[in-house]
Structures are given as C-alpha cells and as structure tokens.
Amino acid sequence: QVQLVESGGGLVQPGGSLRLSCVVSGRFFSINIMCWYRQAPGKQRELVADITSDGSANYGDFVKGRFTISRDNAKNMVYLQMDSLNPEDTAVYYCHGNSIFTIQGWSDYWGQGTQVTVSS
C-alpha cells in the first residue's frame, strides 16, 4: 500500500512564504510524475505544479513565478516552496502521485491534504 503524507501547511501573512513537503511511503518500485493540487472552499481542485522524475516542472498560470516544485528521488519526497503568498492562495494543498508503479501496476495516489491560510 502506498501512502502520501503532506506537511508544512499553516497560517502565514500576505507576502510570506511556506514550504510544503510530501513523503511517499509503502511498497512501490518507482515514481514518475508528482504533483501539488489545491482546493479552496467552493472551488474545484486545481493543479498547482507537477514534476517528472528527471526534474521537469510545470506550473499553473496563477503561480506566476512565485512557487517552486522540487523533489528528492532518493528520499521519495516532493516539495513546494511558496513565496509572495496572497489571500487567494488560501486552500487545502494536496500531494498527488500521478504515476506510481507497484506490484499491481501504475496507479495514482493522493495525500490527505494540508491547510494553507494566508491572512493578516
């Protein structure tokens, strides 16, 4: 069984920074694409950023150079450095393993989410 656990969320003032972390654990052979999504109250879940195993990254248009996704393949971890946060970034942030290979084949997995609140 594969588990994704996020950490690093919290309350931050506008203009501040947070670094989210996600660790993948369990029985798997490889991880391809890792993603961060977010969902604000009353809104659909949206892609924040994704990163391939070789480090190629893509970002949602709203990121506008403020966030950086990275990963440590040796530790099975993915990170999201968020700078210049504004209240519109308030949401639950989810780690998503888009393609993780287990004995049952390729599948995707979600973390439980971590709350990010940007407020003065």
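Reader: Cys 22 and Cys 95, are they buried or exposed?
Author: Both Cys 22 and Cys 95 are buried. Keep in mind that this is a predicted model.

Reader: OK, and what do those two form?
Author: Cys 22 and Cys 95 form a disulfide, with 2.1 Å between their sulfur atoms. In general, a disulfide is a covalent bond between the sulfur atoms of two cysteines.

Reader: Which handedness does the disulfide of Cys 22 and Cys 95 have?
Author: The torsion about its S-S bond is about -80°, so the disulfide is left-handed.

Reader: And where in the chain do Cys 22 and Cys 95 sit?
Author: Cys 22 is in strand S3 (residues 18–26) and Cys 95 is in strand S10. They are 73 residues apart, so the pair links distant parts of the chain.

Reader: How many disulfides is that by count?
Author: The count comes to one disulfide.

Reader: Is Cys 35 buried or exposed?
Author: Cys 35 is buried, because its relative accessible area is 2%.

Reader: New topic: Arg 66. Where is that one?
Author: Arg 66 is in the loop between strand S7 (57–59) and strand S8 (67–72). With 14% relative accessibility, Arg 66 counts as buried.

Reader: What does the side chain of Arg 66 join up with in a polar contact of 2.7 Å?
Author: That contact is with the side chain of Asp 89. Besides that, a polar atom of the Arg 66 side chain lies 3.1 Å from the backbone oxygen of Ser 84.

Reader: And Asp 89, buried or exposed?
Author: Asp 89 counts as buried, at 1% relative accessibility. You'll find Asp 89 in the loop between strand S9 (77–82) and S10.

Reader: Which residues is Asp 89 in contact with?
Author: Leaving aside neighbours within four places in sequence, Asp 89 is in contact with Arg 38, Arg 66, Phe 67, Ser 84, Val 116 and Val 118. Ser 84 also turns up among the residues that Arg 66 touches, along with others including Met 82 and Leu 85.

Reader: Last one. Which residues make the nonpolar surface patch?
Author: Phe 29, Phe 101, Ile 103 and Trp 106 make that patch, which is about 520 Å². Phe 101 lies in strand S10 (residues 91–102), and Phe 101 is partly exposed, with a relative accessible area of 31%.

Conventions. Residues numbered from 1 in each chain as written. Predicted model: local features only at pLDDT ≥ 70, side-chain atom pairs only at ≥ 80, totals over all residues. Heavy atoms only, no water. Patch = residues over 30% accessible without salt bridge, like charges linked within 9 Å, V, L, I, M, F, W, Y side chains within 5 Å. Areas by Shrake-Rupley, 256 points an atom, 1.4 Å probe, with all protein chains shown as cover. Salt bridge = Lys/Arg side-chain N within 4 Å of Asp/Glu carboxyl O. Helix = DSSP H or I, 4+ residues; strand = E, 2+ residues; numbered from the N terminus. Buried < 20%, exposed > 50% of the residue type's maximum accessible area, 1.4 Å probe, protein only. Polar contact = N/O pair within 3.5 Å; in protein donor to acceptor, adjacent residues only side chain to side chain. Contact = heavy atoms within 4.5 Å. Disulfide = S-S within 2.5 Å.
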